Amino acid sequence: MILHEIETVSRTQMERLQLERLQRVAHVVYNHVPFYREHFDKRQLKPEDIKSLSDIKMLPLTTKKDLRDHYPFGLFAVKREEMVRVHASSGTSGKPTVVGYTQNDIHMWGDIVARSIAMAGGRPGEVLHNAYGYGLFTGGLGLHYGSEKLGMITVPVSGGNMSRQITLIEDFKPTVICGTPSYILNLAETMEAEGKDPSILSLQYGIFGAEPWSNSMRVTLEEKLGIKACDIYGLSEVIGPGVAMECHEAQEGLHIAEDHFLVEVIHPDTLEPLPEGEVGELVFTSLTKEAFPIIRYRTGDIASIQHGKCSCGRTTVKMSRVKGRVDDMLIIRGVNVFPSEMEHFLLQVGELAPHYQVHLKKKGALDLVELQVEITDEFYRKVSKDIQHEKINELEAKVKGLMKDHCYVSMDIKVRPPKEIPRSEGKAIRIVDLREEPMLQ
Ligand code: DLL
(Lines give C-alpha, C1' and ligand atoms only; values in the text may rest on other atoms or scores of the structure.)
Protein backbone atom coordinates (compact mmCIF):
# COMPACT_ATOMS: atom_id res chain seq x y z
CA MET A 1 0.00 0.00 0.00
CA ILE A 2 1.33 3.47 -0.88
CA LEU A 3 0.38 5.92 1.85
CA HIS A 4 1.34 9.55 1.48
CA GLU A 5 2.61 11.10 4.74
CA ILE A 6 0.10 13.96 4.64
CA GLU A 7 -2.80 11.50 4.45
CA THR A 8 -2.14 10.18 7.95
CA VAL A 9 -1.41 13.32 10.00
CA SER A 10 -3.41 14.22 13.11
CA ARG A 11 -6.40 16.55 12.88
CA THR A 12 -4.49 19.28 14.69
CA GLN A 13 -1.62 19.08 12.22
CA MET A 14 -3.96 19.10 9.21
CA GLU A 15 -5.97 22.04 10.52
CA ARG A 16 -2.84 24.02 11.29
CA LEU A 17 -1.65 23.52 7.70
CA GLN A 18 -5.08 24.37 6.29
CA LEU A 19 -5.31 27.60 8.29
CA GLU A 20 -1.88 28.73 7.19
CA ARG A 21 -2.81 28.03 3.56
CA LEU A 22 -6.26 29.62 3.86
CA GLN A 23 -4.71 32.81 5.23
CA ARG A 24 -2.30 32.86 2.32
CA VAL A 25 -5.01 32.31 -0.30
CA ALA A 26 -7.15 35.06 1.27
CA HIS A 27 -4.25 37.50 0.73
CA VAL A 28 -3.74 36.29 -2.83
CA VAL A 29 -7.35 36.73 -3.93
CA TYR A 30 -7.64 40.07 -2.12
CA ASN A 31 -4.58 41.43 -3.86
CA HIS A 32 -4.96 39.84 -7.29
CA VAL A 33 -8.63 39.15 -8.09
CA PRO A 34 -10.82 42.30 -8.20
CA PHE A 35 -14.01 40.19 -7.91
CA TYR A 36 -12.94 38.89 -4.49
CA ARG A 37 -11.50 42.22 -3.37
CA GLU A 38 -14.90 43.85 -3.99
CA HIS A 39 -16.59 41.18 -1.88
CA PHE A 40 -14.10 41.62 0.96
CA ASP A 41 -14.54 45.40 0.83
CA LYS A 42 -18.34 45.13 0.78
CA ARG A 43 -18.11 43.14 4.01
CA GLN A 44 -15.42 45.45 5.42
CA LEU A 45 -13.19 42.43 5.67
CA LYS A 46 -9.42 42.17 5.37
CA PRO A 47 -7.47 38.95 4.78
CA GLU A 48 -5.95 39.37 8.28
CA ASP A 49 -9.44 38.87 9.74
CA ILE A 50 -9.19 35.14 8.97
CA LYS A 51 -7.93 33.91 12.32
CA SER A 52 -9.42 30.42 12.43
CA LEU A 53 -10.77 27.90 9.93
CA SER A 54 -14.34 28.68 10.95
CA ASP A 55 -13.78 32.30 9.89
CA ILE A 56 -14.12 31.01 6.33
CA LYS A 57 -17.86 31.56 6.79
CA MET A 58 -17.24 35.30 6.57
CA LEU A 59 -16.01 34.88 2.99
CA PRO A 60 -18.37 35.02 0.01
CA LEU A 61 -19.66 31.94 -1.79
CA THR A 62 -18.62 31.67 -5.44
CA THR A 63 -21.03 30.27 -8.05
CA LYS A 64 -20.87 29.03 -11.62
CA LYS A 65 -22.58 32.27 -12.64
CA ASP A 66 -19.66 34.25 -11.19
CA LEU A 67 -17.32 32.25 -13.43
CA ARG A 68 -19.52 32.86 -16.46
CA ASP A 69 -19.77 36.58 -15.68
CA HIS A 70 -15.96 36.80 -15.75
CA TYR A 71 -15.54 34.64 -18.87
CA PRO A 72 -12.92 33.72 -19.93
CA PHE A 73 -9.98 34.83 -17.74
CA GLY A 74 -11.47 37.41 -15.34
CA LEU A 75 -10.98 35.46 -12.11
CA PHE A 76 -7.37 34.44 -12.69
CA ALA A 77 -4.84 35.58 -10.09
CA VAL A 78 -1.63 35.46 -12.14
CA LYS A 79 -0.28 37.12 -15.26
CA ARG A 80 -0.75 35.31 -18.56
CA GLU A 81 2.98 34.58 -18.79
CA GLU A 82 2.73 32.45 -15.65
CA MET A 83 -0.03 30.22 -17.04
CA VAL A 84 0.58 27.02 -18.94
CA ARG A 85 -2.87 25.45 -19.47
CA VAL A 86 -6.61 26.05 -19.52
CA HIS A 87 -9.48 23.58 -19.28
CA ALA A 88 -13.18 24.25 -19.67
CA SER A 89 -16.36 22.56 -18.73
CA SER A 90 -19.30 22.79 -21.09
CA GLY A 91 -22.49 23.80 -19.42
CA THR A 92 -25.94 22.89 -20.64
CA SER A 93 -26.36 26.45 -21.86
CA GLY A 94 -24.24 29.46 -22.73
CA LYS A 95 -20.49 29.83 -22.49
CA PRO A 96 -18.31 27.20 -20.86
CA THR A 97 -16.58 27.88 -17.56
CA VAL A 98 -12.85 28.30 -18.07
CA VAL A 99 -10.19 27.39 -15.53
CA GLY A 100 -6.42 27.98 -15.64
CA TYR A 101 -3.24 26.40 -14.31
CA THR A 102 0.37 27.49 -13.68
CA GLN A 103 3.20 24.97 -13.92
CA ASN A 104 3.03 24.56 -10.12
CA ASP A 105 -0.71 23.90 -10.35
CA ILE A 106 -0.07 21.17 -12.91
CA HIS A 107 2.54 19.59 -10.60
CA MET A 108 0.24 19.74 -7.59
CA TRP A 109 -2.66 18.27 -9.59
CA GLY A 110 -0.39 15.46 -10.82
CA ASP A 111 0.57 14.73 -7.21
CA ILE A 112 -3.00 14.47 -5.96
CA VAL A 113 -4.08 12.30 -8.89
CA ALA A 114 -1.02 10.06 -8.31
CA ARG A 115 -2.18 9.74 -4.70
CA SER A 116 -5.69 8.92 -5.95
CA ILE A 117 -4.51 6.20 -8.33
CA ALA A 118 -2.37 4.66 -5.57
CA MET A 119 -5.42 4.77 -3.27
CA ALA A 120 -7.38 2.76 -5.84
CA GLY A 121 -4.65 0.10 -6.01
CA GLY A 122 -2.41 1.32 -8.87
CA ARG A 123 1.32 0.61 -8.54
CA PRO A 124 4.43 1.95 -10.31
CA GLY A 125 5.56 -0.15 -13.25
CA GLU A 126 2.07 -1.42 -14.07
CA VAL A 127 -0.06 -0.31 -17.02
CA LEU A 128 -2.97 2.15 -16.74
CA HIS A 129 -5.56 2.29 -19.54
CA ASN A 130 -7.00 5.80 -19.58
CA ALA A 131 -10.36 5.96 -21.36
CA TYR A 132 -11.35 9.40 -20.05
CA GLY A 133 -11.71 11.94 -22.84
CA TYR A 134 -8.63 14.04 -23.58
CA GLY A 135 -9.27 17.71 -24.35
CA LEU A 136 -10.92 20.59 -22.55
CA PHE A 137 -12.51 18.05 -20.17
CA THR A 138 -10.16 17.50 -17.22
CA GLY A 139 -10.63 13.72 -17.05
CA GLY A 140 -8.14 12.58 -19.69
CA LEU A 141 -5.18 14.83 -18.94
CA GLY A 142 -5.90 14.79 -15.19
CA LEU A 143 -5.57 11.01 -14.91
CA HIS A 144 -2.73 11.02 -17.45
CA TYR A 145 -0.38 13.29 -15.49
CA GLY A 146 -1.21 11.54 -12.21
CA SER A 147 -0.51 8.13 -13.70
CA GLU A 148 2.87 9.27 -15.05
CA LYS A 149 3.73 10.85 -11.68
CA LEU A 150 3.00 7.55 -9.96
CA GLY A 151 5.33 5.85 -12.44
CA MET A 152 2.69 3.86 -14.27
CA ILE A 153 2.91 3.06 -17.97
CA THR A 154 0.12 5.29 -19.20
CA VAL A 155 -1.97 4.39 -22.24
CA PRO A 156 -3.67 7.62 -23.40
CA VAL A 157 -6.54 6.02 -25.34
CA SER A 158 -9.16 8.70 -24.59
CA GLY A 159 -12.81 7.85 -25.31
CA GLY A 160 -14.36 6.39 -28.47
CA ASN A 161 -13.22 3.67 -30.88
CA MET A 162 -14.34 0.63 -28.92
CA SER A 163 -12.53 -1.97 -30.98
CA ARG A 164 -9.20 -0.17 -30.47
CA GLN A 165 -9.89 0.06 -26.73
CA ILE A 166 -10.49 -3.69 -26.58
CA THR A 167 -7.39 -4.60 -28.62
CA LEU A 168 -5.18 -2.37 -26.45
CA ILE A 169 -6.51 -3.90 -23.23
CA GLU A 170 -5.96 -7.42 -24.57
CA ASP A 171 -2.45 -6.64 -25.81
CA PHE A 172 -1.01 -4.20 -23.22
CA LYS A 173 -2.48 -5.99 -20.20
CA PRO A 174 -3.29 -3.01 -17.97
CA THR A 175 -4.06 -3.59 -14.29
CA VAL A 176 -5.95 -0.29 -13.94
CA ILE A 177 -8.72 1.09 -16.16
CA CYS A 178 -10.11 4.62 -15.92
CA GLY A 179 -13.26 6.10 -17.46
CA THR A 180 -16.80 7.13 -16.67
CA PRO A 181 -18.73 4.17 -15.21
CA SER A 182 -21.33 4.35 -18.00
CA TYR A 183 -18.67 4.26 -20.73
CA ILE A 184 -16.80 1.37 -19.10
CA LEU A 185 -20.11 -0.51 -18.87
CA ASN A 186 -20.55 0.13 -22.59
CA LEU A 187 -17.04 -1.25 -23.17
CA ALA A 188 -17.68 -4.40 -21.12
CA GLU A 189 -20.97 -5.03 -22.91
CA THR A 190 -19.36 -4.54 -26.31
CA MET A 191 -16.83 -7.22 -25.40
CA GLU A 192 -19.59 -9.54 -24.26
CA ALA A 193 -21.45 -8.98 -27.52
CA GLU A 194 -18.29 -10.07 -29.34
CA GLY A 195 -18.34 -13.28 -27.33
CA LYS A 196 -15.44 -12.23 -25.08
CA ASP A 197 -15.35 -12.47 -21.30
CA PRO A 198 -14.06 -9.15 -19.86
CA SER A 199 -13.62 -10.69 -16.40
CA ILE A 200 -10.63 -12.78 -17.51
CA LEU A 201 -8.61 -9.77 -18.67
CA SER A 202 -5.52 -8.49 -16.79
CA LEU A 203 -7.57 -5.70 -15.15
CA GLN A 204 -7.61 -5.53 -11.33
CA TYR A 205 -8.79 -2.02 -10.47
CA GLY A 206 -11.17 0.56 -11.93
CA ILE A 207 -11.11 4.33 -11.30
CA PHE A 208 -14.54 5.56 -12.23
CA GLY A 209 -16.20 8.94 -11.79
CA ALA A 210 -17.22 12.23 -13.44
CA GLU A 211 -20.88 11.25 -13.07
CA PRO A 212 -23.08 9.84 -10.29
CA TRP A 213 -23.20 6.02 -10.11
CA SER A 214 -24.83 3.76 -7.59
CA ASN A 215 -23.44 0.89 -5.54
CA SER A 216 -25.45 -1.52 -7.71
CA MET A 217 -23.61 -0.16 -10.74
CA ARG A 218 -20.37 -0.77 -8.85
CA VAL A 219 -21.35 -4.41 -8.31
CA THR A 220 -22.28 -4.79 -12.01
CA LEU A 221 -18.94 -3.34 -13.16
CA GLU A 222 -16.91 -5.33 -10.63
CA GLU A 223 -18.57 -8.58 -11.69
CA LYS A 224 -18.38 -7.96 -15.42
CA LEU A 225 -14.72 -6.89 -15.36
CA GLY A 226 -13.46 -8.95 -12.42
CA ILE A 227 -12.05 -5.84 -10.71
CA LYS A 228 -12.38 -3.63 -7.65
CA ALA A 229 -14.05 -0.38 -8.72
CA CYS A 230 -13.34 2.87 -6.85
CA ASP A 231 -15.02 6.23 -7.10
CA ILE A 232 -13.03 9.33 -8.09
CA TYR A 233 -14.54 12.79 -7.67
CA GLY A 234 -13.59 16.21 -8.90
CA LEU A 235 -14.68 19.22 -10.90
CA SER A 236 -12.80 21.54 -13.18
CA GLU A 237 -13.62 24.63 -11.12
CA VAL A 238 -11.80 23.14 -8.12
CA ILE A 239 -9.03 21.47 -10.19
CA GLY A 240 -10.39 18.38 -12.00
CA PRO A 241 -10.34 14.72 -10.93
CA GLY A 242 -8.56 13.96 -7.64
CA VAL A 243 -10.39 16.32 -5.28
CA ALA A 244 -11.49 13.13 -3.51
CA MET A 245 -10.90 9.42 -4.00
CA GLU A 246 -12.19 6.19 -2.55
CA CYS A 247 -9.58 3.75 -1.20
CA HIS A 248 -9.78 0.16 -2.44
CA GLU A 249 -9.37 -1.19 1.09
CA ALA A 250 -12.61 0.28 2.50
CA GLN A 251 -14.56 1.36 -0.61
CA GLU A 252 -16.60 3.42 1.80
CA GLY A 253 -16.55 7.16 1.19
CA LEU A 254 -13.99 9.28 -0.66
CA HIS A 255 -10.87 10.73 1.00
CA ILE A 256 -10.70 14.45 0.30
CA ALA A 257 -7.25 15.84 -0.55
CA GLU A 258 -7.80 18.29 2.29
CA ASP A 259 -4.26 19.61 2.35
CA HIS A 260 -5.27 21.30 -0.96
CA PHE A 261 -9.06 21.68 -0.73
CA LEU A 262 -11.07 22.78 2.28
CA VAL A 263 -14.55 21.31 2.28
CA GLU A 264 -17.82 22.58 3.77
CA VAL A 265 -21.38 21.28 3.45
CA ILE A 266 -24.18 23.84 3.27
CA HIS A 267 -27.94 23.73 2.96
CA PRO A 268 -28.57 24.51 -0.72
CA ASP A 269 -31.52 26.83 0.07
CA THR A 270 -30.61 28.56 3.32
CA LEU A 271 -26.84 28.42 2.57
CA GLU A 272 -26.29 27.71 6.27
CA PRO A 273 -23.43 25.32 7.16
CA LEU A 274 -24.62 21.80 7.98
CA PRO A 275 -23.14 19.61 10.71
CA GLU A 276 -20.95 16.61 9.96
CA GLY A 277 -22.91 13.65 8.59
CA GLU A 278 -25.78 15.72 7.20
CA VAL A 279 -26.41 15.64 3.49
CA GLY A 280 -26.18 18.97 1.66
CA GLU A 281 -24.27 20.84 -1.05
CA LEU A 282 -20.49 20.48 -1.14
CA VAL A 283 -18.52 23.73 -1.09
CA PHE A 284 -14.76 23.82 -1.73
CA THR A 285 -12.01 26.39 -1.21
CA SER A 286 -8.71 25.77 -2.96
CA LEU A 287 -5.77 26.22 -0.59
CA THR A 288 -2.78 25.98 -2.91
CA LYS A 289 -3.84 26.79 -6.47
CA GLU A 290 -2.02 29.72 -8.07
CA ALA A 291 -3.67 30.57 -11.41
CA PHE A 292 -7.27 30.13 -10.39
CA PRO A 293 -7.74 30.14 -6.63
CA ILE A 294 -11.38 29.68 -5.74
CA ILE A 295 -13.15 30.61 -2.54
CA ARG A 296 -16.14 28.67 -1.22
CA TYR A 297 -17.23 27.29 -4.60
CA ARG A 298 -20.78 25.96 -4.64
CA THR A 299 -20.42 22.67 -6.49
CA GLY A 300 -24.12 21.85 -6.79
CA ASP A 301 -23.18 18.30 -5.72
CA ILE A 302 -25.10 16.62 -2.92
CA ALA A 303 -23.16 14.59 -0.33
CA SER A 304 -22.11 14.56 3.35
CA ILE A 305 -18.72 14.49 5.10
CA GLN A 306 -17.32 12.44 7.98
CA HIS A 307 -14.09 12.64 10.00
CA GLY A 308 -12.33 9.65 11.53
CA LYS A 309 -9.63 7.12 10.80
CA CYS A 310 -10.29 4.81 7.85
CA SER A 311 -9.37 1.12 7.81
CA CYS A 312 -6.77 1.99 5.13
CA GLY A 313 -4.92 4.08 7.73
CA ARG A 314 -5.76 7.49 6.27
CA THR A 315 -7.03 10.24 8.54
CA THR A 316 -8.28 12.65 5.88
CA VAL A 317 -11.93 13.69 5.99
CA LYS A 318 -14.18 11.58 3.76
CA MET A 319 -17.18 12.58 1.66
CA SER A 320 -20.01 10.21 0.90
CA ARG A 321 -20.56 9.27 -2.71
CA VAL A 322 -22.34 12.04 -4.60
CA LYS A 323 -26.09 11.40 -4.83
CA GLY A 324 -26.47 13.83 -7.72
CA ARG A 325 -26.47 17.48 -8.62
CA VAL A 326 -28.98 19.90 -7.13
CA ASP A 327 -30.17 20.65 -10.70
CA ASP A 328 -30.72 16.94 -11.45
CA MET A 329 -32.89 16.31 -8.44
CA LEU A 330 -36.36 15.30 -9.62
CA ILE A 331 -39.23 16.64 -7.61
CA ILE A 332 -42.15 14.36 -8.31
CA ARG A 333 -45.37 15.36 -6.55
CA GLY A 334 -43.40 16.82 -3.67
CA VAL A 335 -40.91 13.95 -3.30
CA ASN A 336 -37.24 14.50 -4.11
CA VAL A 337 -35.30 11.78 -5.87
CA PHE A 338 -31.99 11.53 -7.73
CA PRO A 339 -31.55 9.29 -10.80
CA SER A 340 -28.69 7.44 -9.02
CA GLU A 341 -31.12 6.39 -6.24
CA MET A 342 -33.46 4.94 -8.85
CA GLU A 343 -30.50 3.26 -10.55
CA HIS A 344 -29.64 1.43 -7.35
CA PHE A 345 -32.99 -0.40 -7.40
CA LEU A 346 -33.37 -0.77 -11.17
CA LEU A 347 -30.11 -2.68 -11.42
CA GLN A 348 -31.48 -5.31 -9.08
CA VAL A 349 -34.23 -6.28 -11.54
CA GLY A 350 -32.97 -9.36 -13.41
CA GLU A 351 -35.03 -8.73 -16.56
CA LEU A 352 -33.54 -5.24 -17.03
CA ALA A 353 -30.27 -4.16 -18.62
CA PRO A 354 -28.27 -1.54 -16.62
CA HIS A 355 -29.42 1.33 -18.86
CA TYR A 356 -32.13 3.88 -18.17
CA GLN A 357 -33.23 7.45 -18.84
CA VAL A 358 -35.69 9.79 -17.23
CA HIS A 359 -37.79 11.76 -19.72
CA LEU A 360 -39.46 14.94 -18.54
CA LYS A 361 -42.52 15.89 -20.59
CA LYS A 362 -45.30 18.40 -20.38
CA LYS A 363 -49.00 17.74 -20.81
CA GLY A 364 -50.91 21.00 -20.55
CA ALA A 365 -49.76 22.60 -17.33
CA LEU A 366 -48.71 19.24 -15.93
CA ASP A 367 -45.13 17.93 -15.76
CA LEU A 368 -44.92 14.24 -16.58
CA VAL A 369 -42.02 12.01 -15.59
CA GLU A 370 -41.38 8.86 -17.57
CA LEU A 371 -38.72 6.39 -16.55
CA GLN A 372 -37.44 4.48 -19.56
CA VAL A 373 -35.83 1.12 -18.88
CA GLU A 374 -34.53 -1.57 -21.19
CA ILE A 375 -35.01 -5.34 -21.16
CA THR A 376 -32.03 -7.65 -21.47
CA ASP A 377 -31.37 -9.59 -24.68
CA GLU A 378 -31.91 -12.77 -22.72
CA PHE A 379 -35.39 -11.78 -21.55
CA TYR A 380 -36.28 -10.62 -25.06
CA ARG A 381 -35.25 -13.95 -26.55
CA LYS A 382 -36.81 -16.08 -23.82
CA VAL A 383 -40.30 -14.60 -23.89
CA SER A 384 -42.30 -15.78 -26.87
CA LYS A 385 -43.90 -13.13 -29.10
CA ASP A 386 -47.53 -13.93 -28.20
CA ILE A 387 -47.08 -13.22 -24.47
CA GLN A 388 -44.48 -10.49 -24.82
CA HIS A 389 -46.99 -7.67 -24.47
CA GLU A 390 -48.38 -9.19 -21.30
CA LYS A 391 -44.91 -9.78 -19.82
CA ILE A 392 -43.88 -6.20 -20.58
CA ASN A 393 -46.99 -4.91 -18.82
CA GLU A 394 -46.10 -7.05 -15.82
CA LEU A 395 -42.55 -5.71 -15.83
CA GLU A 396 -43.77 -2.11 -16.03
CA ALA A 397 -45.99 -2.72 -13.02
CA LYS A 398 -43.09 -4.31 -11.15
CA VAL A 399 -40.76 -1.35 -11.80
CA LYS A 400 -43.52 1.11 -10.91
CA GLY A 401 -44.01 -0.70 -7.59
CA LEU A 402 -40.27 -0.76 -6.93
CA MET A 403 -39.98 3.00 -7.45
CA LYS A 404 -42.98 3.61 -5.24
CA ASP A 405 -41.76 1.34 -2.43
CA HIS A 406 -38.11 2.42 -2.37
CA CYS A 407 -37.95 5.92 -3.87
CA TYR A 408 -41.47 6.96 -2.78
CA VAL A 409 -42.33 8.32 -6.22
CA SER A 410 -45.03 7.40 -8.64
CA MET A 411 -44.02 7.72 -12.27
CA ASP A 412 -44.80 6.32 -15.69
CA ILE A 413 -42.61 3.43 -16.74
CA LYS A 414 -41.75 2.61 -20.32
CA VAL A 415 -40.01 -0.68 -21.04
CA ARG A 416 -37.95 -0.55 -24.22
CA PRO A 417 -36.43 -3.35 -26.33
CA PRO A 418 -32.71 -4.22 -25.98
CA LYS A 419 -30.13 -1.60 -27.08
CA GLU A 420 -32.71 1.18 -27.51
CA ILE A 421 -31.47 3.44 -24.76
CA PRO A 422 -28.47 5.43 -26.08
CA ARG A 423 -25.10 4.15 -24.84
CA SER A 424 -22.64 6.44 -23.13
CA GLU A 425 -19.66 7.92 -24.96
CA GLY A 426 -18.52 9.86 -21.88
CA LYS A 427 -20.85 11.23 -19.24
CA ALA A 428 -24.18 9.38 -19.46
CA ILE A 429 -27.31 11.40 -20.17
CA ARG A 430 -29.75 10.31 -17.50
CA ILE A 431 -32.30 13.12 -17.76
CA VAL A 432 -33.85 14.18 -21.05
CA ASP A 433 -35.93 17.32 -20.70
CA LEU A 434 -38.57 17.42 -23.44
CA ARG A 435 -40.78 19.96 -21.72
CA GLU A 436 -40.14 22.64 -24.34
CA GLU A 437 -41.14 20.30 -27.17
CA PRO A 438 -44.78 19.72 -28.16
CA MET A 439 -46.11 16.35 -26.97
CA LEU A 440 -47.11 13.82 -29.58
CA GLN A 441 -50.39 12.29 -28.54
O1 DLL B 1 -16.01 15.50 -14.22
C2 DLL B 1 -13.80 15.85 -13.35
C3 DLL B 1 -13.58 14.38 -13.27
C4 DLL B 1 -12.98 13.71 -14.32
C5 DLL B 1 -13.95 13.71 -12.13
C6 DLL B 1 -12.75 12.36 -14.22
C7 DLL B 1 -13.73 12.35 -12.02
C8 DLL B 1 -13.13 11.68 -13.08
P9 DLL B 1 -16.40 18.44 -14.71
O10 DLL B 1 -16.55 18.03 -16.13
O11 DLL B 1 -16.12 19.86 -14.39
O12 DLL B 1 -15.24 17.64 -14.04
O13 DLL B 1 -17.73 17.97 -13.99
C14 DLL B 1 -17.81 18.06 -12.60
O15 DLL B 1 -19.19 16.07 -12.45
O16 DLL B 1 -19.62 18.75 -10.15
C17 DLL B 1 -20.21 16.38 -10.36
O18 DLL B 1 -21.53 16.84 -10.58
C19 DLL B 1 -19.85 15.36 -11.40
N20 DLL B 1 -18.93 14.37 -10.83
C21 DLL B 1 -17.59 14.31 -10.91
N22 DLL B 1 -17.13 13.22 -10.27
C23 DLL B 1 -18.21 12.57 -9.76
C24 DLL B 1 -18.40 11.39 -8.99
C25 DLL B 1 -15.12 16.28 -13.93
N26 DLL B 1 -17.40 10.62 -8.65
C27 DLL B 1 -19.10 17.46 -12.11
N28 DLL B 1 -19.67 11.09 -8.62
C29 DLL B 1 -19.20 17.49 -10.60
C30 DLL B 1 -20.71 11.86 -8.98
C31 DLL B 1 -19.36 13.32 -10.11
N32 DLL B 1 -20.59 12.95 -9.72
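Which element gives the most to the shell around the ligand? In this predicted model, strand β7 does so, with 5 residues.

## The ligand and its shell

The ligand is surrounded by 21 residues, and the closest are Asp-231, Ile-232, Ser-236, Asp-301 and Lys-427. Sorted by class, this shell consists of 9 nonpolar, 6 polar and 6 charged residues. At least two shell residues come from each of α5 (138-150) and β7 (228-235).

| Residue | Protein atom | Ligand atom | Distance |
|---|---|---|---|
| Ile-232 | backbone N or O | nitrogen | 2.7 Å |
| Lys-427 | polar side-chain atom | oxygen | 2.8 Å |
| Arg-325 | polar side-chain atom | oxygen | 3.2 Å |

On its own, the ligand has 600 Å² of accessible area, and the protein covers 93% of this.

Asp-231 is among the closest residues to the ligand and is found in strand β7. Is Asp-231 buried or exposed? Asp-231 counts as buried because its relative accessibility is 7%, which falls under the 20% cut-off. The side chain of Asp-231 also makes a polar contact, at 3.0 Å, with the side chain of Trp-213.

## Aromatic rings and charges over them

How many aromatic pairs does the structure hold? There are 8 aromatic pairs in the structure. One of them joins Tyr-101 and Trp-109, whose rings are stacked, with 5.0 Å from centre to centre and 10° between the planes. The pair counts as stacked because planes under 30 degrees apart fall in that class. Both partners are covered by protein: Tyr-101 is buried at 1% relative accessibility, and Trp-109 is buried with a relative accessible area of 3%.

Phe-73, Phe-76 and Phe-292 are linked by ring pairs into a cluster.

For Arg-37, the charged end sits over the ring of Tyr-30, at 4.2 Å from the ring centre. For Arg-85, the charged end sits over the ring of Tyr-145, at 4.8 Å from the ring centre.

## Burial in helices

Helix α9, which spans residues 339-346, is mostly covered, as 6 of its 8 residues are buried. Which residues of α9 are buried? They are Pro-339, Ser-340, Met-342, Glu-343, Phe-345 and Leu-346.

Tyr-183 belongs to helix α7 (residues 181-193). Tyr-183 counts as buried because its relative accessibility is 1%. Along the chain, Tyr-183 and Tyr-132 are 51 residues apart, and their C-alpha atoms are separated by 9.0 Å.

## Loops and backbone geometry

Where does Pro-72 lie? Pro-72 is in the loop between α3 (64-69) and β1 (83-89). The peptide bond leading from Tyr-71 to Pro-72 is cis, and its omega is near -10°.

Positive phi values in residues other than glycine occur at Gln-251 and Lys-419. Gln-251, with phi near 45°, lies in the loop between β8 (240-246) and β9 (254-256). Lys-419, with phi of about 70°, is in the loop between β20 (412-416) and β21 (431-433). Is Lys-419 buried or exposed? Lys-419 is exposed because its relative accessible area is 54%, which is over the 50% cut-off.

Val-322 is in the loop between β14 (318-319) and β15 (324-325). Despite this loop position, Val-322 counts as buried, with 16% relative accessibility. The C-alpha atom of Val-322 is separated by 9.7 Å from that of Val-279, and the two residues are 43 apart along the chain.

Methods: Residues numbered from 1 in each chain as written. Predicted model: local features only at pLDDT ≥ 70, side-chain atom pairs only at ≥ 80, totals over all residues. Heavy atoms only, no water. Phe/Tyr/Trp six-rings, centres within 6.5 Å; stacked < 30°, edge-to-face > 60°. Buried < 20%, exposed > 50% of the residue type's maximum accessible area, 1.4 Å probe, protein only. Lys NZ or Arg CZ within 6 Å of the ring centre and 35° of its normal. Helix = DSSP H or I, 4+ residues; strand = E, 2+ residues; numbered from the N terminus. Near = heavy atom within 4 Å. Polar contact = N/O pair within 3.5 Å; in protein donor to acceptor, adjacent residues only side chain to side chain. Areas by Shrake-Rupley, 256 points an atom, 1.4 Å probe, with all protein chains shown as cover. Nonpolar A, V, L, I, M, F, W, Y, C, P; charged D, E, K, R; others polar.
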